[in-house]
Amino acid sequence: MMIHKRKRIRYSVLMLSLLLLVLAAAGCGSKEKEPKSSQTMNAEQADDLQQGSGSEETGKKQWDKMPEMSIDPSKQYSAVFHTSKGEFTVQLFAEDAPTTVNSFVFLAKNKFYNDITFHRIIETFMIQTGDPTGTGTGGPGYNIPDELGSDHKYDIGTVAMANTGMPDSGGSQFFICTGDVCSNLNSQPNYTIFGQVTDGMDSVMAIAKTPVGPGADGNMSKPLEKVTIDSIDIIEK
């Protein structure tokens, strides 16, 4: 019994270590460890994705620095997502992650997220979006600092910034936890949690159930149908 128990422990530690290695290396393909040049997240690959400039490829506006603070962290903010698979609402944690929420609200109000796809889907883990190029390599033209250390946990419905595993490398890409695998991130919380789905989780799971095929790296995470964010409404109370 002791031998079997030790094997199980070693196996669990190995699997968790592999997951964390993948997340730290990729956030989730480049071949450079440049925090200003990539922001992605994938549980099944272990190379960095370079962030493209985006402006010429997509027509989306780019900024050379993050926006100045325009939200009031003492107020309550929520985001209503209108997607091709239904609507859902995210409570934004303005008090715990003010810089991240401020950036997200800024981009949403500037319609940056309109018509952007969910470019990576792993049903047991998360759905990822926020890249104007749809390749996992794009961003808004700037990076934001990490806001870690809150009491929030990675759980189904958690909304967090994607990054490269390097400090302060978030931008516009984010992921929504859709499966138990996401909870493994709690042992090494390197991704800023800035919201929680409070309504419409059925729509989120409908996105998560989108059929996928192999992506450029060979992993089963590329949606076989186009799933988009049509628009986002920001509600302030």
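Guide: Welcome! Rings of Phe, Tyr and Trp pair if their centres lie within 6.5 Å. Keep that in mind as we look at this predicted model.

Visitor: How many aromatic pairs does a search of the whole structure find?

Guide: The protein has four helices and ten strands, and the search covers the whole structure. The number of aromatic pairs found is twelve.

Visitor: Is the pair of Trp 63 and Phe 106 stacked or edge-to-face?

Guide: A pair of aromatic rings is described by the distance of the centres and the angle of the planes. Here the centres of Trp 63 and Phe 106 are 5.0 Å apart, and their planes stand at 70 degrees. Planes over 60 degrees apart count as edge-to-face, so the pair of Trp 63 and Phe 106 is edge-to-face.

Visitor: How many residues apart are Trp 63 and Phe 106?

Guide: Trp 63 sits in the loop between helix H2 and strand S1. Phe 106 belongs to helix H3.

Visitor: Which parts does the pair of Phe 104 and Phe 194 tie together?

Guide: These two rings form a tilted pair, 5.5 Å centre to centre with 50 degrees between the planes. Their parts are 90 residues apart in sequence. Phe 104 lies in helix H3 and Phe 194 in strand S7, so the parts tied together are helix H3 and strand S7.

Terms used
Residues numbered from 1 in each chain as written. Predicted model: local features only at pLDDT ≥ 70, side-chain atom pairs only at ≥ 80, totals over all residues. Heavy atoms only, no water. Helix = DSSP H or I, 4+ residues; strand = E, 2+ residues; numbered from the N terminus. Phe/Tyr/Trp six-rings, centres within 6.5 Å; stacked < 30°, edge-to-face > 60°.
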